[in-house]
Amino acid sequence: MELGRAVEAYLRHVALERGLSDHTVAAYRRDLDVYVVWLRSRGIASVDEVTPGLVADFAAERASAEPPPASSSLARLQSSVRGLHRFLVREGRVPDDPSGRLRPPKAPRRLPKALTIGQIDALLDAAGPAPGSADASAAEPAAVRNRALLEVLYATGARVSEIVELDVDDAAHGDLLRVRGKGDKERIVPVGSYARAAVEAYLTRVRPALAARGRATPRLFLGVRGAPLSRQSAWLIIQAAAERAGLTAHVSPHTLRHSFATHLLQGGADVRVVQELLGHASVSTTQIYTHVSVDALRDVYATAHPRAR
């Protein structure tokens with residue numbers, strides 16, 4: 001089977017039968033285009049001609065490319081190649097899988113970057129005034145919405161995709177928020193008084209006017225034209241607030257999620273409780289937040305060791 005036809009058959013499979021998103025399918029296509037070009041440069045025209053040695057050479061060459069690719073990009077590329085060949089075996093197009101011995105690179109274990117509590121306060125204030133403050137009554141509608149958005153992100157540790165997909169009814173349970181996570185699994189997350197006050201101010205003062213500009217939608221957070229707020233818009237809101245707050249470190253929606261988990265654990269929360277709040281399937285994913293920071297290690301060493309100073 002010709003290489004290009006094999007790739008197209010595989011991409012149709014992942015799009016139609018596995019239901020992967022357009023974004024994911026596009027990423028697979030980019031990876032496999034690189035693979036096909038490399039194979040053709042070595043005189044390979046059909047999937048029947050691909051050998052384990054060729055697959056290993058391709059992986060090694062990509063791993064040693066300059067500049068070095070990120071381990072996540074390399075892992076995704078190898079996953080795309082393995083997926084293609086496994087599909088061809090299942091479909092009976094080829095008898096063997098030449099990628100069977102390919103092992104994904106180990107991703108470096110990085111500690112999540114969390115903001116300090118002071119930096120969180122500065123970020124929230126830069127998004128918009130706190131409800132009940134002297135500036136709140138004169139605040140622009142967008143500032144009221146932005147404050148509510150960031151308060152909810154930090155108060156719940158939810159993913160930005162989960163927050164922009166919240167409906168008004170999901171926030172109608174007092175101090176609890178109903179969140180739909182990966183795999184459409186629901187979880188209930190407590191919401192503190194600061195976030196509740198910010199959401200109430202947004203619902204009372206801002207959302208009705210925004211909703212009147214667009215088609216009826218149950219979504220909680222709306223854009224200036226009344227349509228549901230997108231992930232990209234939420235990203236830009238956070239970036240703008242970070243710039244106004246003078247935060248030079250990279251700040252993203254996931255930064256607020258990391259900060260939420262880190263601050264809970266620093267405050268004495270049990271790791272399994274944090275796991276439930278974050279919606280992690282495994283506690284091992286949550287345990288990365290339990291690593292002691294370098295600064296904390298220095299402080300304990302300086303205080304406890306008799307010859308540290």
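Tutor: Leaving out residues up to four places away in sequence, Thr262 touches Ala114 and Tyr289, where contact means heavy atoms within 4.5 Å. This is a predicted model, so local features need pLDDT of at least 70 and side-chain atom pairs count only at pLDDT 80 or more, while totals for chains, interfaces and linings use all residues. Residues are numbered from 1 along each chain as its sequence is written, and side-chain values use heavy atoms, with hydrogens and water left out.

Student: Why is Thr262 called buried?

Tutor: Its relative accessible area is 14%. Buried means under 20%, exposed means over 50%, and partly exposed is in between (1.4 Å probe, protein chains only). So Thr262 counts as buried. You'll find Thr262 in helix H11, residues 253-266; helices here are DSSP runs (H or I, at least four residues), numbered from the N terminus.

Student: What makes H2 roughly perpendicular to H4?

Tutor: H2 and H4 (residues 71-90) pack at an angle of about 85 degrees, with axes 9 Å apart. Axes are lines fitted to C-alpha atoms, for helices over the stretch in contact, and angles run from 0 to 180 degrees between N-to-C directions. Under 35 degrees is roughly parallel, over 145 roughly antiparallel, 65 to 115 roughly perpendicular, and the rest oblique. That's why H2 is roughly perpendicular to H4.

Student: Which residues of H2 and H4 meet there?

Tutor: Ala27, Tyr28, Asp31, Leu32 and Tyr35 in H2 meet Arg76, Leu77, Ser80, Val81, Leu84 and His85 in H4. By class, that contact has seven nonpolar, two polar and two charged residues. Ala, Val, Leu, Ile, Met, Phe, Trp, Tyr, Cys and Pro count as nonpolar, Asp, Glu, Lys and Arg as charged, and the others, Gly among them, as polar.

Student: How do you know how far H1 is expected to reach?

Tutor: The expected span is 1.5 Å times one less than the number of residues. H1 (residues 3-17) has 15 residues, with 21 Å expected, and its reach from first C-alpha to last is 21 Å, close to that. Buried residues in H1 include Leu3, Ala6 and Val7, and the buried residues of H1 pack against H2 and H4.

Student: Where is Pro67, and is its peptide bond from Glu66 cis or trans?

Tutor: Pro67 lies in the loop between H3 and H4. The bond from Glu66 to Pro67 is cis, with omega near -5 degrees.

Notes: Helices (H or I, at least four residues) and strands (E, at least two) are DSSP runs, numbered from the N terminus.
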